[in-house]
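Open the model in your viewer and keep the selection tool at hand.

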Amino acid sequence: MFVGISSPTQITSTPFFSNIKIKLNLNNSHQSIQNLAKSPSSSCTGGGSNNNICLCGRRPFLATISTALIPLHQSNASDSFSDDPIAVLNRVHPPRPDWYEEFYAVAMDASMKSYEDEIAGYKSELFANLTTGKAAKILEIGIGTGPNLKYYSNLASGASVVGVDPNRKMEKYAQAAAQASGLPPTKFQFIHAVAEALPVSDASMDAVVGTLVLCSVKDVNKTLQEVKRVLKPGGIYIFVEHVAAEDGTFLKVIQRALDPLQQVVADGCHLTRETGDSISAAGFSSTDIKKVFLSSASLINPHAYGIAYK
Ligand SMILES: C[S@@+](CC[C@H](N)C(=O)[O-])C[C@H]1O[C@@H](n2cnc3c(N)ncnc32)[C@H](O)[C@@H]1O
């Protein structure tokens, strides 16, 4: 989530990290997919972006640039997925160059402080449901650098957390965040995979967590079906997602204009997804969704946050 994020170390209204120093680490230290389990077959129904403005000229131009610079996989609502998490990982999030994955991980680690400070109250309220509900097994989709791991420090003893992310360069940050939060190393596992094919068994998780990730997955609906599949009956899905601004607003016009660029610079992040609607329509037994505008998130507003119950 780069376009428009404002923080002391970050730019506003420009999608480049002009003042962040990037240190490349070309060591691959990722963990392979383990505990493979089948995921339900269903057809891909797309990511839910509702662009109405014709970007006929600009979108192919940006796509050409992105293809030339970065092997970024553009959204394609007609894909269907196999049941093999590795095959799905390679299809929906093909390996990017090391430098790009490192760049994105460093940028996320360096640029999100003011955002995390502002969202902290909302997250604390949501994550309290993990401790009061005594969630024992938690899976976080798109865990990134692990900004939520500090909220797991009061989990019941014996609780474990699995973090899934296709960017291998996120692992060292997530591991460090897990350690800082006091999670024993045996209780945190980073798995290199995508949310469209979660490498865990059906009904095996008490809670699934996802923050700022449905903007980036290739298939929102498939991801939500996977979240439901891996949750135990009565399990909870906690989410905080940025969503499209209201139609007819100036913000929505800007979001539509910058959406193609955002996908290039922020590893597939979409500005105009109606993610709250997708969660409401995903077939959870009930959902509790609220919206908030965050001043630190600039164009990446509003946010939909809440809990869905299987
Ligand atoms: C904007 S970052 C958010 C990271 C973290 N959840 C947070 O709140 O800071 C989006 C994350 O989603 C990951 N991601 C992208 N595509 C994904 C997919 N198909 N499945 C799971 N995670 C994905 C990215 O690698 C990145 O770590």
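**Stop one: a helix and its buried face**

Select valine 88, which lies in helix α2; helices here are DSSP runs of H or I with at least four residues, strands are runs of E with at least two, and both are numbered from the N terminus. A word on what you are looking at: this is a predicted model, where local features need pLDDT of at least 70 and side-chain atom pairs count only at pLDDT 80 or more, while totals for chains, interfaces and linings use all residues. Residues are numbered from 1 along each chain as its sequence is written.

Is valine 88 buried or exposed? Valine 88 is buried, with 26 other C-beta atoms within 10 Å. Here a residue is buried if 20 or more other C-beta atoms lie within 10 Å of its own, exposed if 12 or fewer, and partly exposed in between, with C-beta atoms placed from the backbone. Now select the whole of α2, residues 85–92: its buried residues are Pro85, Val88, Leu89 and Val92. Look down the axis of α2 and these residues fall within an arc of 105°, so they line one face of the helix; the arc is that of the directions from the helix axis to the C-beta atoms.

**Stop two: the ligand**

From valine 88, jump to alanine 195: the two are 107 residues apart in sequence and 9.4 Å apart in space, C-alpha to C-alpha. Ala195 is among the closest of the 27 residues that surround the ligand, along with Gly142, Gly144, Asn167 and Thr211; a residue is near if its C-beta atom, placed from the backbone, lies within 6 Å. The shell divides into 16 nonpolar, seven polar and four charged residues. In this count Ala, Val, Leu, Ile, Met, Phe, Trp, Tyr, Cys and Pro are nonpolar, Asp, Glu, Lys and Arg are charged, and the others, Gly among them, are polar.

**Stop three: the core**

Next, select Ile138, one of the residues with the most contacts inside the largest nonpolar core, which has 75 residues. Such a core is a set of buried Ala, Val, Leu, Ile, Met, Phe, Trp, Tyr and Cys residues joined through C-beta atoms within 7 Å. Leaving out residues up to four places away in sequence, Ile138 touches Leu130, Tyr152, Ala159, Val161, Met205, Asp206, Ala207 and Val209; contact means C-beta atoms, placed from the backbone, within 7 Å.

Helix α5 (171–181) is worth a look too: Glu171, Tyr173, Ala174, Gln175, Ala177 and Ala178 are buried. Their cover includes α3 (98–111), β2 (160–165) and β3 (188–192). Just after α5, glycine 182 takes a positive phi of about 90°.

Most residues other than glycine have a negative phi, and most peptide bonds are trans. Alanine 203, in the loop between β3 and β4 (205–211), has a positive phi of about 50°. Leucine 212 has a positive phi of about 55° and sits in the loop between β4 and α6 (220–230). Leucine 212 is buried, while alanine 203 counts as partly exposed. Finally, a cis peptide bond joins asparagine 301 and proline 302, with omega about -5°.

**Last stop: confidence**

Colour by pLDDT, the predictor's confidence in each residue, from 0 to 100. The chain averages 80, but pLDDT stays under 50 over residues 6–82. Where pLDDT is low, the predicted coordinates should not be read in detail.

Terms used: Contact = placed C-beta atoms within 7 Å.
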